[in-house]
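Q: I am new to reading charged side chains in a protein model. Could you take me through them step by step?
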Amino acid sequence: MALKLDGIMLASYAMNVQRSRGRRYPEPQHPYRNDYARDRDRVIHSRAFRRLEAKTQVFTTRYSDHFRNRLTHTLEVAQIARTVTGALKLNTDLAEALALVHDIGHPPFGHAGEKQLDRRMREHGERFDHNLHALYIVEQFEQRYLEYPGLNLTFEVREGIIKHSRDYPAAEFPHLAEYLLDQRPPLESQLIDLVDEIAYNTADLDDGFEAYLVDLNQLRAEVPLFEEALADVDRRYPRGKARLKFNEGLKHVLDVLATDLIETTGHRLEKSGVENVEDVRCQPHRLASFSPPIAKLNAELKRFLSAHVYSHPSIAEDRDRSVAALDALFSFFLDHPDRMPPQYAGLAKREPTHRVVCDYIAGMTDHFLLRQCQELL
C-alpha cells in the first residue's frame with residue numbers, strides 16, 4: 001500500500017506509519033498528526049530534550065557561545081536526516097523523530113562522560129550505554145502522562161533508539177528481545193548514524209577552525225576532500241575572505257557526503273531488490289552506506305579531527321577536569337545516597353544504589369553537575 005507524506009509518494013520500502021507496530025499503550029489516532037509526527041513532538045517537549053542545550057558537544061561555553069552544544073548538534077542531524085530520507089522517498093517524520101531522540105540519553109560531557117559512567121558501572125558488573133539509557137528515558141524516566149509511564153512512543157522509534165548505530169546480540173541482551181535484534185532496522189533508522197557522522201564531522205571542523213585549533217594548511221594537506229573543495233573555491237573566489245572561503249569549502253564537503261550517502265544507498269537498494277520494509281529487515285547487512293571512496297575520505301576527516309581537535313591540549317584539559325568532577329560526584333552519592341533528591345534517595349533504598357546514582361548523574365547538565373561538585377565536595 002503506497003503512502004503520501006507531505007504530498008510525496010513514499011517508496012515501497014519506506015516505513016509506512018499505517019503499518020506501525022504501534023505503541024505499548026494503545027491510544028486513539030490524532031485527527032491531523034500521524035503517529036511519527038506525534039512522537040517527534042513528544043521528544044521535543046520532553047525535559048530530557050531540553051537538557052541537551054546544556055550538554056557539551058565538543059567545546060564548552062568557555063570557548064564561545066557560538067559553538068555547538070548537544071542540542072544544536074541534534075537539530076543539525078534532524079535537518080540533514082530530513083534531506084537525505086526525503087531524497088530517497090523514505091518517511092521523513094520517522095527519520096526526524098529518530099534524529100531528535102538519538103542523543104537524548106547522553107550524560108554530561110559527551111562521550112568522555114559516557115566512558116567514565118561505563119567504567120564506574122563495570123565496577124558493579126553492569127554497563128552504561130547512552131542508547132539504552134535513552135530507551136529507559138522514553139519508556140520510564142519521563143513522566144508526563146496520567147495513563148502510562150514514559151512518552152509511549154511507537155515501536156519503530158523505540159527500536160531505532162537502540163538499533164540506529166549498532167546491532168545488539170540477542171544472546172547478550174535478552175531484555176531487548178521485543179526489538180527484533182536478529183533483524184535490521186528500517187532504512188530511516190539505518191541512515192541516522194551516518195547522518196550523525198556528516199553533522200558532527202563538518203560541525204566539529206567548523207568549531208575547531210573558529211577556535212583557532214585548526215591550521216588551514218595542515219587541514220588541506222591531510223584531508224584531500226577538503227583540499228579539493230577549497231581549491232575550487234580559490235579558483236572561483238581568489239580575493240574572498242579566508243573565513244568565508246572556509247565556509248564554502250565546508251559546505252561543499254557536507255554536500256559531497258550527503259549526496260554520496262543518498263546515491264550509494266539508492267544503488268544498494270536497487271541492487272538488493274528489496275520491495276518492502278520486511279525485505280529490508282531480512283537483509284544480512286544494513287543497506288544505508290557511503291561508497292568506499294567517500295567512506296575513505298570521511299575516515300581521513302575523522303582522523304584529522306581526532307588528532308588536531310579532540311586531542312588538543314586545551315580540549316583534553318577541559319575533558320579531564322570534567323570527567324574527574326563526574327567521577328568524584330559518583331563516589332560521593334554512592335557513599336551518601338541520602339544527599340540525592342528525595343525521589344532518588346527513596347529509590348536507592350529499593351534498587352541498587354549504583355544504578356540509581358548512574359541514572360541521576362546521566363540526567364544532569366554539565367553546569368548542574370559542576371555546581372553540585374562545588375556545593376557538595
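A: Let us begin with one helix, where Glu 248 and Lys 251 lie three residues apart in helix α11 (residues 242–272), so about one helical turn separates them; helices here are DSSP runs of H or I with at least four residues, and strands are runs of E with at least two, numbered from the N terminus. This is a predicted model, in which local features need pLDDT of at least 70 and side-chain atom pairs pLDDT 80 or more, while totals for chains, interfaces and linings use all residues. Residues are numbered from 1 along each chain as its sequence is written, and side-chain values use heavy atoms, leaving out hydrogens and water.

Q: What does Glu 248 form with Lys 251?
A: Side chains of opposite charge can pair when their charged atoms come close. Glu 248 forms a salt bridge with Lys 251, with the closest N and O atoms 3.5 Å apart; the term requires a side-chain nitrogen of Lys or Arg within 4 Å of a carboxyl oxygen of Asp or Glu.

Q: Is Asp 39 buried or exposed?
A: Buried means under 20% relative accessible area, exposed over 50%, and partly exposed in between, with a 1.4 Å probe and protein chains only. Asp 39 is buried at 0%, whereas Glu 248 is partly exposed at 26% and Lys 251 is exposed at 51%.

Q: Which residue forms a salt bridge with Asp 39?
A: The partner of Asp 39 is Arg 23, their closest N and O atoms being 2.7 Å apart. This pair links distant parts of the chain, as Asp 39 belongs to helix α1 (residues 35–44) and Arg 23 to the loop between β2 (8–9) and α1.
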